[in-house]
Amino acid sequence: MSTLPVFRWYLAPDGYATRRQLRARDLRPGGQDVAAQLERPRRRGRPPLVAYLYRVDLAQPVRPMTPGRWRAHAAMMRARRTCPECHRDAGYVIPPTLGTCVTCAYPEEQRAA
């Protein structure tokens, strides 16, 4: 196993990019391994922040959204908005901490209003 080159924050050479930077260029890592990493030091003995870098020349174009993928995405979002108790579309993504829509989670507050 070889060690990765480590660069200081903001000092990565050209030709490397993070996942977000690749996505901004409509690229994706495309199965390549992490090529390098950035480290940002922090105070008081905390470990440094790390960002992984990929080679831009090996990156591949982002796959286009097909009609099937759009349908799958819409179904996924609809499932996240549907309350498991009242089976209604809440109009927002149901918080995982509640597990139900706000109306079902706090029924006494809804009656008082």
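Author: Ala17, Leu22, Leu27, Tyr54 and Ala59 make up the largest nonpolar core, which has five residues. Such a core is a set of buried Ala, Val, Leu, Ile, Met, Phe, Trp, Tyr and Cys residues joined through side-chain atoms within 4.5 Å; buried means under 20% relative accessible area, exposed over 50%, and partly exposed in between, with a 1.4 Å probe and protein chains only. This is a predicted model, in which local features need pLDDT of at least 70, side-chain atom pairs count only at pLDDT 80 or more, and totals for chains, interfaces and linings use all residues. Residues are numbered from 1 along each chain as its sequence is written, and side-chain values use heavy atoms, with hydrogens and water left out.

Ala17 belongs to strand E2 (16–17), a strand being a DSSP run (E) of at least two residues, numbered from the N terminus.

Tyr16, also of strand E2 (16–17), is partly exposed at 25% relative accessibility. Phe7 is likewise partly exposed, its relative accessible area being 21%. The count of aromatic pairs comes to one: Phe7 and Tyr16, tilted, at 5.9 Å centre to centre and 50 degrees between the planes. Rings of Phe, Tyr and Trp (its six-membered ring) pair if their centres lie within 6.5 Å; planes under 30 degrees apart count as stacked, over 60 as edge-to-face and the rest as tilted.

Note on methods. Helices (H or I, at least four residues) and strands (E, at least two) are DSSP runs, numbered from the N terminus.
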